[in-house]
Amino acid sequence: MAFSAKNVSQRNALYRLAAGSAVLLGLFLILGAHGHVVAIWPMVIDESTVIPRRLLLMLPGVMLIGTAVLNILLCKPLWQERGHALNVMLAGNLFAMSYLVYLMIRDVPNHPVGAFLTLEMSYVILLVGIRVDLVWPATAKTPGETGTQ
């Protein structure tokens with residue numbers, strides 16, 4: 001019995017790579033959110049700080065933790081190659097990346113925005129690659145598999 005590549009169901013390993021990366025990125029984002037909250041906490045609890053300023057101070061941490069939770073919660077459906085998980089994760093991470101670009105443009109001093117932007121951008125590139133139907137490992141067609149019969 002000869003081995004036939006047609007009988008083997010080819011799965012896209014990029015989904016599994018993205019799911020594992022989602023957990024890792026989620027952990028880094030949680031650490032970043034924790035560091036942000038520790039850095040701003042004295043200003044948040046200061047009685048002289050007005051409420052709108054307190055909310056603006058907490059916004060980057062909320063963005064980081066929200067994206068982290070989204071990535072961690074949807075890593076299993078992404079592993080299972082669910083389209084809805086890919087779409088939601090792509091939208092959420094694009095939003096977080098856009099916010100980080102905004103912070104980078106504002107030139108916030110003494111903050112590691114660039115590191116988190118690099119992580120987010122790398123992950124968004126991976127998700128976009130999956131969205132445009134990139135497949136890894138790539139399968140080579142044999143001369144008999146031209147598509148015409």
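User: Which helices do the buried residues of H4 pack against?
Analyst: The buried residues of H4 pack against helix H1 (13-45), helix H2 (51-73), helix H3 (75-79) and helix H5 (113-131). Buried means under 20% relative accessible area, exposed over 50%, and partly exposed in between, with a 1.4 Å probe and protein chains only. This is a predicted model in which local features need pLDDT of at least 70 and side-chain atom pairs count only at pLDDT 80 or more, while totals for chains, interfaces and linings use all residues. Residues are numbered from 1 along each chain as its sequence is written, and side-chain values use heavy atoms, with hydrogens and water left out.

User: What does the protein chain average in pLDDT?
Analyst: The average is 88, and 87% of the residues score at least 70. pLDDT is the predictor's confidence in each residue, from 0 to 100.

User: Where does pLDDT stay under 50?
Analyst: It stays under 50 over residues 1-8, for which the model has two contacts beyond four places in sequence. A contact means heavy atoms within 4.5 Å.

User: How many helices and strands does the protein chain have?
Analyst: The protein chain has five helices and zero strands. Helices (H or I, at least four residues) and strands (E, at least two) are DSSP runs, numbered from the N terminus.

User: Back to H4. What span does it reach?
Analyst: Helix H4 covers residues 83-106, and its 24 residues reach 35 Å from the first C-alpha to the last, close to the 34 Å expected at 1.5 Å a residue. The expected span is 1.5 Å times one less than the number of residues. Its buried residues include Met89, Asn93 and Tyr99.

User: Is Asn71 buried or exposed?
Analyst: Asn71 counts as buried because its relative accessibility is 0%. This residue is found in helix H2.

User: Which residues does Asn71 touch?
Analyst: Not counting residues up to four places away in sequence, Asn71 touches Ala22, Leu25, Leu29, Met89, Asn93 and Tyr123.

User: New topic: how many aromatic pairs are there?
Analyst: The count comes to one aromatic pair. Tyr99 and Tyr102 form this tilted pair, at 6.2 Å centre to centre with 35 degrees between the planes. Rings of Phe, Tyr and Trp (its six-membered ring) pair if their centres lie within 6.5 Å; planes under 30 degrees apart count as stacked, over 60 as edge-to-face and the rest as tilted.

User: Where do Tyr99 and Tyr102 lie?
Analyst: Both lie in helix H4, three residues apart, about one turn of the helix. Tyr99 is buried, with a relative accessible area of 16%, whereas Tyr102 is partly exposed at 40%.
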